Amino acid sequence: MTFAVKVRFLAVILGVTFASATSAIPAPKTLASMVTGSVTSQPIGHYEFCQRHEDECTVRTRPAPAPKVTDYGWNAIHDVNSSVNDRIMARTDMQVYGREEYWEYPVDAGDCEDYALQKRKELSERGFALSDLLITVVRKPDGEGHAVLTVRTSKGDFILDNLNSDVKLWSDTDYTFLKRQASFDTGRWVTIEDGRDVVVGALR
């Protein structure tokens, strides 16, 4: 075998070996569900909401896998998200309540937290467990704080957002996820791994 043939033969062997090695390395997968961390501060707006609606914030459950959602459930998720977005006018807390960071069920107008509360309430009335309906604080790309509702499912964590009537997997949004209600205690909040410091007021 000539030197040139040996070189070509070696190149082929190395190419096959390298291709096999790289094909064996799986591509990174997007997490369908958020990874939560330790208990963290509760937004002051939610704390005050809990003072007015104590029964909403004292539900404690054992940790459990996210549920499988039926076709009825998915229809309910989409219907509630679109319905609340359509009938509630976007207004700041100052415009509606005359103060900042006031979380409440909206009548006909409200801000992002109010949308999330209303969607949580209506999905609960349709049979979803409160432990799977979690108000979540995020940061928008422009750095502004925002709140959405996370729905835990066996297919992943889905986001109901007043800025978008499409229900998206959390990892398909352009938000930075900071913290959310704990699935085991509706009055507690937990960090979301790799989140950053919260940009809305917090009491504890």
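What share of the 204 residues in the protein chain is buried? Buried residues make up 42% of them, where buried means under 20% relative accessible area, exposed over 50% and partly exposed in between (1.4 Å probe, protein chains only).

The model is predicted: local features need pLDDT of at least 70, side-chain atom pairs count only at pLDDT 80 or more, and totals for chains, interfaces and linings use all residues. Residues are numbered from 1 along each chain as its sequence is written, and side-chain values use heavy atoms, with hydrogens and water left out.

**View 1. Overall arrangement of the protein chain.** The protein chain has 5 helices and 9 strands; helices (H or I, at least four residues) and strands (E, at least two) are DSSP runs, numbered from the N terminus. Read from the N terminus, the order of elements is α-β-α-α-β-α-β-α-β-β-β-β-β-β. Of the contacts (heavy atoms within 4.5 Å) with a separation of 6 or more, 60% are between residues 24 or more positions apart.

**View 2. Crossing of helices H3 and H5.** Two packed helices are described by the angle between their axes and the distance between the axes. The axes of H3 (residues 71-87) and H5 (residues 112-125) come within 10 Å and cross at roughly 140°. Axes are lines fitted to C-alpha atoms, for helices over the stretch in contact, and angles run from 0 to 180 degrees between N-to-C directions. H3 and H5 are therefore oblique to each other; angles under 35 degrees count as roughly parallel, over 145 as roughly antiparallel, 65 to 115 as roughly perpendicular and the rest as oblique. The crossing of H3 past H5 is right-handed, a term used if the near helix is turned clockwise from the far one by less than a right angle, left-handed being anticlockwise.

**View 3. Residues at the contact of H3 with H5.** From H3, the residues Ala76, Ile77, Val80, Asn81, Val84, Asn85 and Arg87 meet Tyr115, Gln118, Lys119, Glu122 and Leu123 of H5. These residues divide into 6 nonpolar, 3 polar and 3 charged; Ala, Val, Leu, Ile, Met, Phe, Trp, Tyr, Cys and Pro count as nonpolar, Asp, Glu, Lys and Arg as charged, and the others, Gly among them, as polar. Asp79 also lies in H3 and is partly exposed, with a relative accessible area of 43%. Its C-alpha atom is 9.7 Å from that of Leu123, 44 residues away in sequence.

**View 4. The largest nonpolar core.** This core has 36 residues, and those with the most contacts inside it are Ile77, Leu123, Phe128, Leu149, Val151 and Phe177. H3 supplies the largest share, 5 residues. A nonpolar core is a set of buried Ala, Val, Leu, Ile, Met, Phe, Trp, Tyr and Cys residues joined through side-chain atoms within 4.5 Å.

**View 5. Two glutamates in the loop between H4 and E3.** Glu104 is found in the loop between helix H4 (93-97) and strand E3 (109-110) and is buried at 14% relative accessible area. Leaving aside residues up to four places away in sequence, Glu104 touches Phe49, Arg52, His53, Tyr97, Asp114 and Leu117. Glu101, found in the loop between H4 and E3, is partly exposed at 21% relative accessibility. Although Glu101 is not a glycine, its phi is positive, about 55°.

View 6. Val190 is found in E9 (residues 185-192) and counts as buried at 5% relative accessibility. Val190 and Thr40 are 150 residues apart in sequence, yet 5.1 Å apart in space, C-alpha to C-alpha. Beyond residues up to four places away in sequence, Val190 touches residues including Thr36, Gly37, Lys179 and Phe184.
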